[in-house]
Amino acid sequence: MNRTNSESLFLKAKAYFPGGVNSPVRAFRSVGGTPLFIKKGKDALIWDADDNEFIDYCCSWGPLILGHANEKVVNAITETVKNGSSFGAPTALENELAELILTVNNYIEKIRFVSSGTEAVMSAIRLARAFTGRNKILKFEGCYHGHSDSLLVKAGSGLVTFGNTSSAGVPEAFVNETIVVDLNNKEAVKEAFNSFKDQIACVIIEPVPANNGLLLQDKDFLLFLREICTINNTLLLFDEVISGFRLCFCGAAGYYNIKPDIITYGKIIGGGLPVGAYGASNEIMATVSPEGPMYQAGTLSGNPVAMAAGIAQLSACLKPNFYIDLETKTQYLINKISELAKNSKVPFKFFSIGSIFWIAFTKLESIKSANEIDANSMSYFRQLHAYLLEHGIYLGPSGYEVGFVSQAHTYEQLDKTAIAFANGILSLNN
Ligand SMILES: *Cc1c(COP(=O)(O)O)cnc(C)c1O
């Protein structure tokens with residue numbers, strides 16, 4: 001495969017950006033080789049700067065549930081931008097997107113639009129602290145919540161720990177407000193509530209943890225969190241930046257029918273443009289400025305072009321059978337790969353929910369916490385990723401990242417993918 005244009009673009013980019021990229025995982029460090037510079041996308045396909053064609057399962061890390069350059073989304077963007085790109089004043093489009101969401105989603109009553117998932121979570125944490133008057137937050141090892149200071153924290157050693165920062169530049173004082181425990185561990189959560197009685201503002205979780213493998217939790221564990229939060233007057237925060245509008249229109253809250261106190265959204269909500277959001281009950285949202293004392297603002301918040309893209313995309317998600325069709329396709333794909341590669345020397349298993357899938361090179365039947373992932377197995381992913389690129393299949397460049405199936409993927413493309421994928425698995429060296 002010719003990659004000369006991507007290689008020379010990457011060389012230039014290294015002079016302009018740290019590591020040659022504007023977001024670290026794009027640099028291909030965990031799979032090796034040169035990142036592909038993408039020129040164009042249409043439906044399930046993308047083309048790189050050397051005109052190589054790929055069936056894409058990264059889908060911009062999740063936002064593109066309709067595939068690339070969906071006609072309705074493109075039309076909404078182009079028609080809207082003709083009338084100006086931003087006003088810093090309210091527009092009817094904000095009402096329209098909010099109405100679309102709030103009339104269907106009974107888990108929140110009010111919403112505030114921001115410009116990224118990180119910003120949504122950062123604001124939601126502030127809201128939880130403002131509403132409860134408490135400082136500490138509890139997060140789970142293996143959940144990603146964007147790059148705000150309080151959340152760039154990983155577990156220390158022990159059942160319940162203050163985190164160690166996972167990034168330089170995060171003050172110790174921030175880290176000391178974040179308690180980190182393992183997923184799927186009720187004892188650890190109970191101990192945290194005992195040790196920090198009346199101090200925990202919120203428990204934040206990806207209800208479908210999908211940023212460090214796919215660590216599917218039992219509904220029972222999520223219900224346990226709901227209950228222990230209620231008992232302790234702690235808010236339960238579902239970070240649904242990936243799962244929102246992905247599992248079903250009402251996200252994981254709807255999928256499991258569990259009502260958290262605050263929900264954050266991102267990715268799909270903006271139709272491929274930068275939008276995030278947080279929502280809660282009227283009572284909790286009354287804390288937010290200008291109604292209440294918690295400040296939060298944004299020059300480009302509720303941007304009309306981004307709102308129009310979100311409206312176009314979410315309207316398509318509301319069509320009958322939209323989510324069933326996506327899940328059926330995803331099951332078709334992973335079942336076919338698993339069948340074709342059943343004689344693999346290297347043990348592997350697909351985990352999936354809705355249209356999210358993840359391959360783990362493991363003998364375990366289930367993986368529910370980050371420490372069950374075998375870091376050494378990532379060498380298999382590296383080989384597989386390289387094989388798939390050579391055969392026209394694009395996965396996110398890390399074995400800790402999940403894949404996404406979009407509405408645009410056709411069964412013909414899934415068949416082609418399954419054959420390449422299975423051959424890739426069968427070619428792995430033990
Ligand atoms: C992607 C993601 C974020 C961060 O969103 P950005 O738009 O990248 O800032 C936060 N939380 C979860 C669960 C995510 O998947």
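Student: How far does a backbone N or O atom of Gly117 lie from an oxygen atom of the ligand?
Tutor: Keep in mind that this is a predicted model. A polar contact needs a pair of N or O atoms within 3.5 Å. For Gly117, the backbone N or O atom and the ligand oxygen lie apart by 2.9 Å.

Student: Which residue has a polar side-chain atom 2.9 Å from an oxygen atom of the ligand?
Tutor: Let us set the backbone case aside: Tyr144 has a backbone N or O atom 3.4 Å from a nitrogen atom of the ligand. The residue with a polar side-chain atom 2.9 Å from a ligand oxygen is Asn211.

Student: How much of the ligand's accessible area does the protein cover?
Tutor: On its own, the ligand has 380 Å² of accessible area. Of this, the protein covers 82%.

Student: How many charged residues are in the shell around the ligand?
Tutor: The residues surrounding the ligand include Glu206, Asp239 and Lys267. By class, the shell has three nonpolar and six polar residues, and its charged residues number three.

Student: What share of the residues is buried?
Tutor: Buried here means under 20% relative accessible area. Among the 430 residues in the chain, the buried share is 56%.

Key. Residues are numbered from 1 along each chain as its sequence is written. This is a predicted model: local features need pLDDT of at least 70, side-chain atom pairs count only at pLDDT 80 or more; totals for chains, interfaces and linings use all residues. Side-chain values use heavy atoms; hydrogens and water are left out. A residue is near a molecule or strand if one of its heavy atoms lies within 4 Å of it. A polar contact is a pair of N or O atoms within 3.5 Å; within protein, one must be able to donate a hydrogen and the other to accept it, and residues adjacent in sequence count only if both atoms are side-chain atoms. Accessible areas come from the Shrake-Rupley method with a 1.4 Å probe; for residues, only the protein chains shown count as cover. Ala, Val, Leu, Ile, Met, Phe, Trp, Tyr, Cys and Pro count as nonpolar, Asp, Glu, Lys and Arg as charged, and the others, Gly among them, as polar. Buried means under 20% relative accessible area, exposed over 50%, partly exposed in between (1.4 Å probe, protein chains only).
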